[in-house]
Structure formats: structure tokens, C-alpha cells
Amino acid sequence: MDGFRGTGTLLRLALRRDRVVLPSWVVAYLLYAVGGTAAAVALYPDFRSRLDAAAAVNALPAMLLMYGRVWDPHALGSVAMIKPIGFGGIFAAILAILIVTRHTRTEEESGRLELVRALAVGRWAPVTAALTLTGGAMLLLAVVDALGVTAAGLPASSAWAWALSCALTGLTFAALAGVTAQLTQSARAANVLALLALAASFALRGTSDVAGTPQASAWWAWASPVGWQDQVRAFAGDRWWVLALFPLAIVALALTALRLAAQRDLDAGLLPQRAGRPTASPLLRSPLALTVRLQRGLLIGLFASYVALSLLLGAVASSATSLLDSAGMRSWLTSVAGTSNATTAFLIFELGFVALITALCGILVALRLRTEEAAGRLEPLLATAVSRTRAYGAQVATALLTTTALQATLAIGFRLADTTPQGGSLAQDLGMAAVSLPAIWVITAVAFLLIGVAPRATALAWAALAGSMLIGEVGPLLHWPSLALDLSPFTHVPRIPATPMAWAPEVVLLAITAALLGAGWWRFHRRDLAPA
Amino acid sequence: MAPVIEVHGLVKAFGSTTALDGLELTVDAGEVHGFLGPNGAGKTTTLRCLLGLLTPDAGTVRVLGLDARRDAVAVHRRMASVPGDVALWPTLTGGEVIDLLGRLRGGIASKRRDALIARFELDPTKRTRTYSKGNRQKVALIAALASDAELLLLDEPTSGLDPLMERTFRDVVREWQQDGRSVLLSSHILSEAEALCDRLSIIRAGRIVETGTLASMRHLTRTSVRAQLRRPASGLEAIAGVHDCVSDDTTVTCSVEQHALDSFLAALHPFGILGLETQPPTLEELFLSHYQGA
């Protein structure tokens, strides 16, 4: 078939381009899954501890929403793997979406696909090559995960059921990204569309577990690929037949993608483009305004997500309090959050996790400066009467203000939605959200330091975040030495009001932030512009 | 009047490659100065140094009496530039980019902006993602030409424009000069420089190899002639101002200086002219004949 001509060559090209990125992702994924599992297996040595933990998870709507139900409280795997089961498919799907868009719409948007399609390359070849590449990556992921989790001491067949369910979830969203890449003209919009679908699938799965019974989730779980992954019930009966749903969806989506790819013109999207404004808004007259304008979509998306998240957390806290009102729950709460007040403990617990996401947002905003530089768009800006210091300062201001506003949104939304009588005040919630800011800013400032000092290695900022995440999530479980735990800025955030406010670590974190930002600025305003 | 651009002994290396190797360049106030050289000679690097985007390894770069690197912002208020490879923000429209760049330089005259948009026939409501190279170039040109700057830096500004737009571009640059303002025009197209420039500087491998008025560089403006004759010709090379003659039976190709064209054609006539093609030499050909190994 001529339409597929060139697929093999394109696949080899993609492998060549991703030879570093793909293996790093697989290794990171493996570390997350196997490291987390090994730590959790050690945490539940006997029957009793498993039942307690499972009961706690299954009683908390927030936990059901985040991770899903522990389907078999007696099985070690079902309890220990609660996080990898809850998020394994999601992480695989994010990876899959990014790979597919990178090799389809990004290539087309950059004009490289025109070069390729002018050769003896069929119109189906780019999508087919991208999906084949992702299929291979997912298979690799499944194999190393299954082997890794088996090595961590869990039953092999269940490990395979889990690993395959994650890989197939990833591949389903790969096929979906194949479709969104045909719909939109820009790669970013294609990614956003596919990720929104993933978020919707996650929400369907989460709410179906909250609304369901201990025996079954609500019916709408079956409308979501993330729900299917949960319904496989790996380590709790291994319902292999559920896996058969994935190929149906994958084939249907892939065929849709191919059909659309065959019909449309090069560079065209299927969603309509509007005409823009002929003159700039009067507000668009400073580097700060440009920064905000360029990231408008991202910022709106972030704030909308945080509003939704905070309202959800508040609502969950309201419903959770009655369930938590027992001696067993109080002691569990005290062990994870340091306070027996259910609402406060819940908020401390959730804020600790969300602070990492806010830091991620900070990095996202910061690295835009490097994206602009690499794309050559900083040059026309600096050729006007804008100094390097101003361009850098605008990005720093945007990043710091965004993270601050996101944390405030979280506290305000939570307070609005929380109806428990013994809940805290708005001032207290704002304070609880604010104490994390210096740590969030340290991570954000690492990105700025890299922009100044090592513009071609800014991806290391993600390593700083991933390291902090690993230290916070896995470190305490594995009893890492405090020296290692101290490396994460989030270790030093006082857990008010469970512990008294400590100013010293906050001041130190602020000083580190200032030093990193200053060093980044010093190099940035002196060095040559570095194209990609 | 003081020169608007003074570059002395400019050296810039990227790793082990030396892009600029002791470059000297002077542009006087009020002139259109051509900056010619083949691809990779260091034209764009020089312009980036003039913009203060690169830090020189050695030498001085003064623009409008100020240090290009240290006083970059003060310089940019009085100097507009059009890069060779125009990268724009894909989600902004052409109109938005023109306004933004104008405002960031210190103000834009909306009447002149609208007039230029009409002359260059640009649709300002389209997002720059959908523009062709020529249209992106128009955006950068309009943003620069609508400014009150005293000096204009142009880096191969017509490489994406069609011939009609190229004519508009030449008209606009001449008007700019009539207001007493200066232009540095980098190009690898000799005819473009001939049409616009008062003086030329020729760069090769990071050094200026020749600078002066067009008249003083007459030897650069030979016409290459290819003639199809009835009988094989002979003795053409004896004519003063005729070079590089190659005869292949009845076909002859030569490069002919302007003053010798008349006598050259007269000498061809006896052999019976069947066909005649003439074209101005490309800069690459000139470099091959004049500066090889320089």
C-alpha cells in the first residue's frame, strides 16, 4: 500500500531522535513503580497492617478519588500497589501522548513534515510510525515493569496484568493523540486536547469509585480507559478479560486517525481558525504583558484546574469528616499528618502534594524564557529598547506571581467548599498554603539559574522537581538518612498548624531563592544568546 | 558628521570556529551602506554584534556614538533592525507583533504603520504561524520602517519577497534615506546593493576585503555574456575589459566590464549572432574570480 510507504524509515528516524529521551522515561517510570512498590511492601509486613491501611483508603473519598479502591484488602499487592495502580496508566498515557504529538503535529508545524512528505512517503506513514514507536515503548514499559514488580516480591501473573493494563492505557491515549494531532493546527493544542481527554477519563474513574460500592464502581467507570485499567483489578483477582476492551478502542481510534490523515491537507487542522485582531491591545506594551499574553492559555488552564481541584478537595473534606471520626482513623491521621483534626490533617496531607504540582507550574512558566530564546524569538525582543534584565525580570515576576496566586486559589476554593463545623478559618488555610511558597520558589529559581548558566540543559530543572518528589514520597518510607531528606526544599516547610510556625527555614529558603535568581540573572545578562 | 557605525578589530569566535577575524567597518550618517559577502562570511554575526546580542571577544563596536553591548537599550531606541530569519510569536497576529515591537522600541506612528501595511499588502489579522517567509519578513520590515529610528539594520531583507514587493521595499528604503537617515544593508545579491547603496563593504571569512563606492568597484560589476554564433569566434580576449572567455565550438561565454560591452558586441557581430544571454554575475562568481584564496 503506497499510503504506508516510508513508515519503516520514519520509524528509524524517530528512534534515532528519541534514543536518549525514551530510555530515560522508561527508567524513570520503572524507578517510580518498583521503588514505590518495594517501599510499600516493606510497610505492610502482616495481615493486620494491610487491613488497616485498606480500610483507611477505602473509607476516604479523597483517596478513592486519587488512587481508586483497594479491591482486596487481604492481598499484599492490592494494598502495596495502590499508587502504581492508580497512576501507572496515567503516567504511561502522558508519555504516549507526548511521543505521538512530537512525531506528528510538531513535525508538521515546524515544516519538517513538508520536506519528508515531498519524498516517496505515504500520507499514513507519519501517524503509523508514531503509533508503532509508542507501541514499542509501551511494550518495553510493560516488560520492565512486570519483571521489576515481580522482583520486588509480588505475584508474577498479577504483575503482568497490571503492567499490561498500564501499557494498554498508554497505547489507547497514543491512538487518541493520533486523532487530536489531525484536529488542531498547533502541536500544543493537540497535546492539550489529548491531555484534557485523559483528565476527563481520570475524573470518570475517580468519581465512579467514590460513588460505587466496595464490590463495584459506578457504571461510568466503563466509559473511561483509565477506568478499565482499574477494573482489571490487578493483584485482586486479575480480570484478564477487561484487557480485551483496550484493543477495540485502540483500533477504532487509530483507524480514525488514519482516515483523517488521508482526508486533510498538509498543515491544515480540522478545527476552525478564527481571524485575529489587526492591532495589539493597548495593554500589550511591556515584556511582562508579552509574557502573560504568550502564556495566556497555560495560565487560564492552570487557574481553572486549581479552582476545580480546591473545590473538590473542600467537598471531599466535608464528606470525609464523618467517616474519619473514629479512634483508629485519628491515629492513622496523626501518623501521616501530625494532627487529629480531620479537616486540618486532610488539608496538610493534600497541600503537601499539591505544592509539588505548583512547583511544576513554576518551572513551566520559567522555562518559557528558554523556549523563546531557542526559537529565536528573544532576538527581535532584545533588538528593541528592552534590556536583558527586563526580559528576565518579566519572566521571574510571572513565575513567582503565578505560583503565589495558585496557592492562594487553592486555600480560598477549599474554604468556600468545606462545610465542616470544626474546619479552620480562611486566614489559617491561606497561611497553610503560603508556607510552601519559599520551597516552591527554590525549585522555580533552579529553572532560572539553568536558563542563565546552562541554557541547553534547562531540562535539569525537572530533575530537581523529580528528586524532591522522590525524596518526599519514597524517602520517609525507606528511612533515608535525614541528610538526603534535607536535600528537598519541601522537607523544611513547617506543617502548620500541626507544628508551630518556624521562620528560620523559610528565611533560608527565600535567601536560596534570591541567590539562585541572582546567579541566573548575572549569567543571562552577560552571555551570548544561545539558539537551540 | 560622525559615523553612525564604527567597528574596529572585531573578533568573535564560536568554539573553535572564528566567525569574525579583525573586522573593520564604518558607516557614515545618511548613507545606505551595502554589506556584501557569500553565505557564512560573518554578515549575520556582525549584525548581531551591532545589536549587542553577542559579546565581542576583542575589538570595539560603536553604534550612534554608543557602545553596542553596554548601551544596547539606548542604541535600540534609535536603531531599528530586520533579522534575516524572522522568528515571530506563532499565536500573535501580524498586527499585534508590529504594534508590540514598535511600542517596545519606544513608540509607533499608527498612520505610518497603516500606510506601510497597505503598501506591502499584508493581512494583519492573521496569526504569524500561518504566514509564509515573505509575510513574516514583511511584519519585521513594517515594524522597523514605521519607527523613528535614525539607523536601520537589514539582514538579507528581500530573500522572501516577490519582485513587486522588492520594488516597494526599494522605494521605502530610498524614502528613509531622503529623511537623512542611515541604512546598513546586508546582502549576497549584488544587484540589490547596486540599486540602493552609496558605498559597499565586502566581507569574506570574517574580514572586510574591500570597501568603497560602487564606482571604485567597477570591476565587480561585469556582465556575464553567453552568445550562440554562426561560426566559431576568435580574438575576443584581446579586447580590453573582456575576461574569462570560454569557447565551445560556436558557443562563447565571457565576463565583460561595462565599458567594454559596446566593443565586445561589435567584435561578435562578424561571426553572426544567433542568440544572446546576459546576466549580472552572482557574488559567488565574483568571489571565485577576485578573492579566491584572499
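1. A word on conventions. The model is predicted, so that local features need pLDDT of at least 70 and side-chain atom pairs count only at pLDDT 80 or more, while totals for chains, interfaces and linings use all residues. Residues are numbered from 1 along each chain as its sequence is written, chains are lettered from A and ligands numbered from 1 in the order in which they are written, and side-chain values use heavy atoms, with hydrogens and water left out.

2. On cysteine pairing, a disulfide is taken as a pair of cysteine sulfur atoms within 2.5 Å, and over all chains the count comes to 1 disulfide. The link joins B:Cys245 to B:Cys254, with an S to S distance of 2.4 Å, and it is right-handed, with 100 degrees about the S-S bond. Both B:Cys245 and B:Cys254 are buried.

3. For chain B as a whole, the secondary structure comes to 9 helices and 14 strands, these being DSSP runs numbered from the N terminus (helices H or I of at least four residues, strands E of at least two). The C-alpha trace of chain B spans about 65 × 45 × 40 Å along its principal axes, and buried residues make up 51% of its 294 residues.

4. Strand E7 of chain B (residues 151-155) deserves a careful look, because 5 of its 5 residues are buried and the strand is therefore largely enclosed by the rest of the structure. In a regular strand the side chains alternate between the two faces of the sheet. In E7(B), B:Leu151, B:Leu153 and B:Asp155 point one way while B:Leu152 and B:Leu154 point the other way, and all are buried.

5. The neighbours of E7(B) can be followed through its bridges, with two strands said to pair if DSSP finds at least two bridges between them. Strand E6 of chain B (residues 79-82) pairs with E7(B) in the parallel sense over 4 bridges, and B:Met79 has B:Leu151 as its bridge partner. Strand E8 of chain B (residues 182-187) also runs parallel to E7(B), joined by 5 bridges, with B:Leu184 as the bridge partner of B:Leu153. Together with helix H6 (residues 163-178), E7(B) and E8(B) make a right-handed β-α-β unit; right-handed here means that, with the strands pointing away from the viewer, the path from the first strand over the helix to the second runs clockwise.

6. Chain B also holds an open sheet of 4 strands in the order E2-E1-E4-E5, with antiparallel pairing. Strands E2 (17-27) and E5 (66-67) stand at the edges with a single partner strand each, so one side of each is left without a neighbour in the sheet. Strand E1 (residues 5-14) is joined to E2(B) by 8 bridges and the two run antiparallel, with B:Lys12 facing B:Leu20 as bridge partner.

7. In chain A, the domain assignment gives domain 1 (1-270) and domain 2 (284-532), with bounds from an automatic or database domain assignment. The contact between them, meaning heavy atoms within 4.5 Å, takes 14 residues from domain 1 of chain A and 18 residues from domain 2 of chain A.

Key:
Buried means under 20% relative accessible area, exposed over 50%, partly exposed in between (1.4 Å probe, protein chains only).
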